[in-house]
Amino acid sequence: MLTKRIIPCLDVKNGRTVKGINFKGLRDAGDPVMLAKKYAEDGADELVFLDISATEERRKTLIEMVLKVAEEINIPFTVGGGISSVEDVDMLLQNGADKISMNSSIIKNPTLIDKVSNKYGNQCVVAAIDAKQINKKWQVFSSGGNIPTELNLFDWAQEAEQRGAGEILFTSMDHDGTKNGYANEALSELNDLLTIPVIASGGAGNIQHFSDAFKIGNADAALAASIFHFGEIEIQTLKKELQLQQIPIRYENKL
Amino acid sequence: MKVVIIDYGAGNIKSIQFAFNRLGIEVTLSNDREDISSADRVIFPGVGEASSAMKMLKNSQLDSLIPTLKQPVFGICLGMQLMCQYTEEGKTNGLNIFETNVKRFSNNLKVPHMGWNTIRNLKSDLFETVQTNEYQYFVHSFYAELSSETIAITDYDISYSAALKKDNFYGVQFHPEKSGAAGEQILKNFIEIKS
């Protein structure tokens with residue numbers, strides 16, 4: 001049976017992970033490759049790297065990192081952050097990224113989805129959408145959640161699918177950072193509407209929140225950052241518990 | 001041992017190369033007919049769309065070469081699908097190595113079939129020490145039907161061929177290069193297969 005995926009997300013800046021990562025036994029907590037390796041060994045199903053650097057050297061350091069990750073990691077990984085052209089995508093895929101996540105660039109230029117998907121197939125195109133509920137409507141924001149757009153979450157997600165996105169990564173800005181759980185109602189609506197997989201993002205604080213995202217939100221995958229980085233939830237423990245709750249999950253008891 | 005990955009321009013083949021390197025196996029990338037013919041093991045990858053991948057194969061005249069190879073050949077994902085008779089993707093004839101057809105998943109399902117799923121009914125040396133219901137990573141919208149050449153089955157609404165074998169030709173639908181330790185075991189088994 002196809003299993004639900006657990007996806008740690010790593011923010012990287014100038015080739016180093018940020019957001020304060022706190023792990024025992026990691027010599028260099030800022031090295032994305034070492035962190036990625038640990039997650040892969042712990043049973044993460046995929047990884048997402050989000051590049052938030054703004055320097056001119058950005059592209060070079062990101063590509064170097066992607067190459068290192070591809071050399072060392074034996075599970076799939078997605079790269080996102082500031083990817084705005086087919087050439088950007090070429091470089092990242094050629095250096096070993098499995099999927100590309102795009103957000104603001106496809107709001108500005110939706111045909112970028114068509115172009116990348118036609119060239120490489122929809123399996124490598126992740127449309128990332130940040131949205132917030134305003135007057136009961138889910139409004140899409142661009143530029144890291146800073147700029148409101150005219151787009152509605154559900155319409156935009158459907159358009160992205162039609163243009164050739166292979167997955168939707170939906171982050172609820174209302175839930176992100178709260179640790180109060182994912183936006184399960186919106187997730188469930190997205191899942192009814194779309195025929196491509198949906199990744200839940202924003203709000204994970206405990207194991208039950210993952211369970212709810214899968215059972216109530218019908219999400220195909222759940223992404224989280226800080227709770228993994230700070231060791232608040234161990235991936236092994238999370239997956240074991242989800243399996244006990246009858247959620248299809250890839251869990252191998254390593255003890 | 002000389003291991004060659006056929007490089008005909010279809011998608012990301014770096015990850016396959018890296019996966020072999022992690023196992024301590026050196027591989028080279030090539031689209032040269034002689035280079036490929038003289039290899040001990042040939043890897044036939046593929047990511048993207050079937051009809052454009054077939055065009056690329058034809059452009060480099062590899063479509064006529066691959067079916068004549070005598071050493072173990074390993075198709076991965078689209079590579080396996082292109083080794084079949086016919087695929088609904090782009091309504092394309094394949095290399096006609098496997099007598100199997102490739103169809104699109106039903107519209108009632110989430111497509112691509114994306115993520116970790118189990119393989120069962122394992123029937124070849126390719127799966128030596130791999131346990132039934134082991135997880136592998138899949139990403140695909142089209143599937144090879146079950147046939148007498150099926151050597152592994154996966155279920156996604158229907159049951160289909162997760163792997164095929166005919167003579168010296170092997171193919172897997174999943175991505176062993178992205179499937180953790182279990183995937184690495186399959187890559188290793190392919191290299192060690194008796195030819």
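**Two chains, helix by helix**

Trainee: What do the buried residues of helix 3 of chain A pack against?
Mentor: First, the words: helices (H or I, at least four residues) and strands (E, at least two) are DSSP runs numbered from the N terminus, and contact means heavy atoms within 4.5 Å. Buried means under 20% relative accessible area, exposed is over 50%, and partly exposed is in between, using a 1.4 Å probe and protein chains only. With that settled, the partners in chain A are helix 2 (58-72), strand 4 (77-80), strand 5 (99-102) and helix 5 (111-120).

Trainee: What kind of model are we looking at?
Mentor: Residues are numbered from 1 along each chain as its sequence is written, chains are lettered from A and ligands numbered from 1 in the order written, and side-chain values use heavy atoms, with hydrogens and water left out. Local features need pLDDT of at least 70, side-chain atom pairs count only at pLDDT 80 or more, totals for chains, interfaces and linings use all residues, and the model itself is predicted.

Trainee: Which residues of helix 3 in chain A are buried, and which residue with a positive phi follows the helix?
Mentor: Helix 3 covers residues 86-94, and its buried residues are V86(A), D88(A), V89(A), D90(A), L92(A) and L93(A). As background, an α-helix has 3.6 residues a turn, so residues three or four places apart point the same way. After the helix comes a residue with a positive phi near 110°, and that one is G96(A).

Trainee: Now chain B: what covers the buried residues of helix 1 there?
Mentor: Helix 1 runs over residues 14-22, with S15(B), I16(B), Q17(B), F18(B), A19(B) and F20(B) buried. Just after this helix, G24(B) has a positive phi of about 80°. The cover comes from both chains: it includes strand 1 (3-6), strand 2 (27-30), strand 3 (41-44), strand 4 (73-76) and helix 6 (180-192) of chain B, together with helix 2 of chain A.

Trainee: Why can we call chain B as compact as a globular protein of its length?
Mentor: Chain B has 6 helices and 13 strands. Its size can be checked with the radius of gyration, taken over C-alpha atoms, against the globule rule of 2.2 Å times the number of residues to the power 0.38. For 195 residues the rule gives 16 Å, so chain B is as compact as a globular protein of that length because its own value is close, at 15 Å.

Trainee: What is the radius of gyration of chain A?
Mentor: Chain A holds 10 helices and 11 strands, and 59% of its 255 residues are buried. A compact globule with 255 residues would be near 18 Å, and chain A agrees with that at 17 Å.

Trainee: Is K4(A) buried or exposed?
Mentor: K4(A) sits in the segment before strand 1 (5-13) of chain A. Beyond its neighbours within four places in sequence, K4(A) touches several residues, among them D45(A), F214(A) and I249(A). With a relative accessible area of 17%, K4(A) is buried.

Trainee: Which residues are joined by a cis peptide bond in chain B?
Mentor: Look at the loop between strand 7 (101-104) and strand 8 (113-119) of chain B, where P112(B) lies. The omega there is about 5°, and the bond joins V111(B) and P112(B).

Trainee: K91(B) and N96(B) aren't glycines but have positive phi. How does each count for accessibility?
Mentor: K91(B), with phi of about 40°, is in the loop between strand 5 (86-87) and strand 6 (92-93) of chain B. N96(B), with phi of about 60°, is in the loop between strand 6 and strand 7. At 67% relative accessibility K91(B) counts as exposed, while N96(B), at 48%, counts as partly exposed.
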